[in-house]
Amino acid sequence: MKLFFALLLLFFIIPQNSLAHETEADNGISAVMHLDPQDTPVAGEVSTIYFDLKDSSNKFNLESCDCYVVISSDNQEIARLMLTEEAGDLKTQFVFPFKNLYSVSLQGSPKEGSEFKTFDLNYDVQVGLDSSTRAQHPH
């Protein structure tokens with residue numbers, strides 16, 4: 001019984017990683033989200049958020065999309081970021097301000113003349129480290 005409580009306590013004490021590499025899909029658009037550094041964002045440090053996006057109809061391209069990454073915490077929107085494309089990667093950067101559970105949403109609407117449908121892909125990200133605890137839990 002003591003072992004059970006010790007393991008349970010460790011589960012809540014050791015920082016949990018983001019829920020990375022989950023595929024979300026909406027209206028024929030699907031994407032896997034990746035976070036840098038190493039899918040473990042650190043509060044107070046820059047994280048790069050990447051999306052590996054697939055379009056079942058092959059009609060999506062970033063130039064024809066009003067695309068944003070919306071970051072929320074405790075049901076409050078805290079950032080609305082532009083998505084950029086570099087060497088085929090869709091990405092943006094963000095500094096998660098503190099340790100917490102965040103919602104990261106990739107939202108896209110077609111510009112006039114585009115043929116793909118509006119989509120909203122949602123991911124949960126747990127930021128469990130800050131710069132002071134990062135040294136205690138190296139990757």
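Thr 92 is buried, with a relative accessible area of 9%; buried means under 20% relative accessible area, exposed over 50% and partly exposed in between (1.4 Å probe, protein chains only). The model is predicted: local features need pLDDT of at least 70, side-chain atom pairs count only at pLDDT 80 or more, and totals for chains, interfaces and linings use all residues. Residues are numbered from 1 along each chain as its sequence is written, and side-chain values use heavy atoms, with hydrogens and water left out.

**Thr 92 and its surroundings**

- Thr 92 lies in strand E8; strands (E, at least two residues) and helices (H or I, at least four) are DSSP runs numbered from the N terminus.
- Beyond four places in sequence, Thr 92 touches Ser 47, Thr 48, Ile 49, Val 69, Leu 81, Met 82 and Leu 83, where contact means heavy atoms within 4.5 Å.
- The backbone oxygen of Met 82 is reached by the side chain of Thr 92 at 3.1 Å. A polar contact is a pair of N or O atoms within 3.5 Å; within protein, one must be able to donate a hydrogen and the other to accept it, and residues adjacent in sequence count only if both atoms are side-chain atoms.

**Pairing around E4**

- Strand E8 (residues 89-95) pairs with E4 in the antiparallel sense over six bridges; two strands pair if DSSP finds at least two bridges between them.
- Within this pairing, Leu 90 in E8 is the residue opposite Phe 51.
- Strand E4 (residues 46-55) is also joined to strand E2 (residues 29-36) by eight bridges, and these two strands run antiparallel.
- Thr 48 in E4 stands opposite Asp 36.

**The open sheet**

- An open sheet is formed by four strands in the order E6-E5-E9-E10, with antiparallel pairing.
- E6 and strand E10 (119-127) are the edge strands, each pairing on one side only.
- From one strand to the next, the twist averages 20°; axes are lines fitted to C-alpha atoms, for helices over the stretch in contact, and angles run from 0 to 180 degrees between N-to-C directions.
- Nine bridges pair E5 with strand E9 (residues 100-110) in the antiparallel sense, and Pro 110 in E9 is the bridge partner of Cys 65.
- E5 and strand E6 (residues 76-82) run antiparallel and are joined by six bridges, with Ser 72 opposite Glu 77 in E6.
- The hairpin of E5 and E6 has two residues between the strands, and Asp 74 there takes a positive phi near 50°.

**Ser 73**

- Ser 73 belongs to strand E5 (residues 65-73) and counts as buried because its relative accessibility is 6%.
- Residues up to four places away in sequence aside, Ser 73 touches Ile 78, Phe 98, Asn 100, Leu 101 and Tyr 102.
- A C-alpha separation of 9.1 Å lies between Ser 73 and Val 104, which are 31 residues apart along the chain.

**The chain as a whole**

- The protein chain has two helices and eleven strands, following the pattern α-β-β-β-β-β-β-β-β-β-β-β-α along the sequence.
- Of its 139 residues, 37% count as buried.
- Of the contacts between residues at least 6 apart in sequence, 58% join residues at least 24 apart.

**Confidence**

- The average pLDDT of the protein chain is 84, and 81% of the residues score at least 70; pLDDT is the predictor's confidence in each residue, from 0 to 100.
- Over residues 2-19, pLDDT stays under 50, and the model has 15 contacts beyond four places in sequence for this stretch.
- Where pLDDT is low, the predicted coordinates should not be read in detail.
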